[in-house]
Amino acid sequence: MKISESDVEYVAGLANLEALPDEKKELAEQLSRILDYVEQLNRLDVSSVEPTPQVVAGGKHAVRDDRVVARTGSSEAGRTVQLFKVPKVITER
Amino acid sequence: MNLKNITADRLVSLYRSRDLSATEVITEAFREIDRADKDIRAFISLCPERALEEARRVDSRVAAGESIGPLAGVPIAIKDNIATRGVATTCGSKILQGYVPPYSATAVDRLRGAGAIVIGKTNLDEFAMGSSTENSGFFVTRNPHNLERVPGGSSGGSAASVAAGLSLVALGSDTGGSVRQPASFCGVVGLKPTYGRVSRYGLVAFASSLDQIGVLAKTVRECAQTLEIMGGFDAYDSTSAEIPIEGVARNLDRPIRGIRIGIPREYFVEGMDREVKDRLMAGVKLYEGLGCEIHDISLPHTEYAIAAYYLIATAEASSNLARYDGVRYGLRENGAGGLHEMYRKTRMSGFGKEVKRRILLGTYALSAGYYDAYYLKALRVRTLILRDFQKAFERVDLVLTPTAPTAAFKIGEKIDDPLSMYLSDIFTITCNLAGLPGVSIPCGKNSEGLPIGLQLMANHFQESLLLQAAHNFEKAGGFEIS
């Protein structure tokens, strides 16, 4: 699989990253090599095999009662991050 | 007193008999860190005041005639991707610089509750992505056996701190071998428990379906004791298992005669380091001598493991690391142009090269048009790998392999070639894909004096048998210190 520099740019945009001009070529090459390597999975016919997203004990997730409990640190959360102040989201046209 | 020559058991018995105080030991540990860690650089941060205060508390309990547990007053180091309330937790990343968690991981809380003393946070590959600790956003950690070599990774700081006698026990995390491989490179024991055995609450997520907190120590017994304390069900992690964990340390000395050990032929591939193979084969002989049955087995899908792993792990990472956007944690770059610019600028300057590379790969594998071809296919291959093991465990009790294809490599040797770095994880990642417990134990050194590790894997939740076999090996092989 050949990854082009514009593919790198596109994927970087999806991931909220930017590919710097001097990194683009190297990244395209490295990702192409890695994807070439993973192509070997195509040697297997797995169309009838179920996917395994996670191996969980007993095959099911534990659930707890829906009940409010005091948690350590919850009062500190706001303080350490300055109440999540962010730059303005809406800009004028 | 040097921590290199003592175990937790011995230390605690000296506390109990009042021949030694925790205050002395912790003071001495920080003195040793002062002296040795400027070369090794295992620690990102230290917490001496708090540690000494806790040491005094252990001493006064002993003075008051109260009983103390197996890890009371024992200095332990925590990998810096495990949350510690009030102590900076960076994940080795500039993007989390200055972040102080308002809570501790369940594993840390339980260990501290049992009297273990957290002395500091150890270096790692940024967000645990790497096999050498060279990808840390701050500095490189060196192998105490040879300062020109890597300590392995990503829990390189934790492995180095134990090997150098800077801490007695250290927590690490293992997503593809990140506890076992550095244990092998540094000549210590490294345990990765079954997925679900230890709560992941407070472990900063890299790849959630593969991550597991593990432990590094000089002896199997210390690993077993630590596991017993930190493991078990936790309501804060929906994947944690409600399966009892008691008795692991108590059963260590049981003989292992008649235990069936499988040697998967796919793991003894062309190109394996000669000396690694020789040490391994000597290890197999030792098990035979202990009365174990050795079986040739096959895990036929092993060759696909790295490809599947690097698709699954990066896909999960790209999703998990989306939260580092400058809003909630650590670093925030100026976003004069609005919110999206702030996100992008923060992520560009906060993440290192390898993390960005993996986010890109994972994003690509999940993106429209490629999801089925890459991510979903990898999950299906994962099923085949799991089935291989299920089949094998019908015939054998344990699987024995090398931990890594080589001993510790040189600093700088693989850093510019990500694929060859990924390939060095070949023997450890199947365990994570299948959710199994695995342990790396020292099995000798090569001609350059570098340690070599032997890996054992067991079926889900069979840590007791796994560690029993590991303990019998270290005892019989003379690798045990007491």
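Author: Let us begin with pairing: two strands are said to pair if DSSP finds at least two bridges between them. The model shown here is predicted.

Reader: What makes strand E5 (residues 189–192) of chain B and E10(B) a pair?

Author: Three bridges join E5(B) to E10(B), and the requirement is at least two bridges; therefore the two strands count as paired. They run antiparallel. One position of this pairing is Gly190(B), which stands opposite Ser440(B) in E10(B).

Reader: What lies between E10(B) and E11(B), and what is the arrangement called?

Author: The two strands form a hairpin, with five residues between them. In the turn, Gly449(B) has a positive phi of about 80°. Six bridges join E10(B) to strand E11 (residues 451–458) of chain B, and these strands run antiparallel. Within this pairing, Pro442(B) has Gly453(B) in E11(B) as its bridge partner.

Reader: Why is strand E10 (residues 438–445) of chain B called mostly covered?

Author: A residue is buried if 20 or more other C-beta atoms lie within 10 Å of its own. Six of the eight residues of E10(B) are buried, so the strand is described as mostly covered. E3(B) is also mostly covered, with six of its six residues buried.

Reader: What is the order of the strands in the open sheet of chain B, and which strands are at its edges?

Author: The sheet has eleven strands in the order E1-E3-E2-E4-E6-E5-E10-E11-E9-E7-E8, with mixed pairing. Strand E1 (43–46) and strand E8 (293–297) of chain B are called edge strands because each pairs on one side only. From one strand to the next, the twist averages 30°. Strands of a sheet pair through backbone hydrogen bonds, either parallel or antiparallel.

Reader: How do you know that E3(B) takes part in pairings of both senses?

Author: Strand E2 (residues 75–79) of chain B pairs with strand E3 (residues 117–122) of chain B in the parallel sense, over five bridges. In this pairing Ile76(B) stands opposite Val118(B). E1(B) and E3(B), by contrast, pair in the antiparallel sense over three bridges, and Phe43(B) has Thr122(B) as its bridge partner in E3(B).

Reader: What do E2(B), helix H4 (residues 106–113) of chain B and E3(B) make?

Author: They make a right-handed β-α-β unit. Another helix, H3 (residues 48–63) of chain B, lies across E1 and E3 of chain B and runs at about 160° to E3(B).

Reader: Where is the kink in helix H2 (residues 22–40) of chain B centred?

Author: The kink is centred on Asp34(B) and amounts to about 40°. Among the buried residues of H2(B) are Ala22(B), Val25(B), Ile26(B) and Ala29(B). What covers the buried residues of this helix includes helix H1 (8–16), E1, H3, E2, E3 and helix H5 (156–163) of chain B. Just after H2(B), Arg41(B) takes a positive phi of about 60°.

Reader: Why is Ser167(B) called buried?

Author: Ser167(B) has 29 other C-beta atoms within 10 Å, and the cut-off is 20 or more; Ser167(B) is therefore buried. This residue lies in the loop between H5 and strand E4 (169–173) of chain B.

Reader: Which residues are in contact with Ser167(B), leaving aside its neighbours within four places in sequence?

Author: They are Ala29(B), Pro75(B), Ile76(B), Ala77(B), Ile119(B), Ser161(B) and Val162(B). The C-alpha atoms of Ser167(B) and Val118(B) are separated by 9.2 Å, although the two residues are 49 residues apart along the chain.

Reader: What pattern does chain A follow along its sequence?

Author: Chain A follows the pattern α-α-α, with three helices and zero strands. Of the 93 residues in chain A, 19% are buried.

Reader: How many residues of chain A are in contact with chain B, and what classes do they belong to?

Author: In chain A, 44 residues are in contact with 55 residues of chain B. The elements that give two or more residues to this side of chain A are helix H1 (5–14), helix H2 (21–38) and helix H3 (74–80) of chain A. H2(A) gives the largest share, seven residues. By class, the side of chain A that touches chain B has 28 nonpolar, ten polar and six charged residues.

How values were computed
Residues numbered from 1 in each chain as written. Chains lettered and ligands numbered in written order. Predicted model: local features only at pLDDT ≥ 70, side-chain atom pairs only at ≥ 80, totals over all residues. Contact = placed C-beta atoms within 7 Å. Helix = DSSP H or I, 4+ residues; strand = E, 2+ residues; numbered from the N terminus. Nonpolar A, V, L, I, M, F, W, Y, C, P; charged D, E, K, R; others polar. Axes fitted to C-alpha atoms, helices over the stretch in contact; angles between N-to-C directions. Buried ≥ 20, exposed ≤ 12 C-beta atoms within 10 Å, placed from the backbone. Right-handed = clockwise from strand over helix to strand, strands pointing away. Bend = angle between axes of the 7 residues up to and from the residue.
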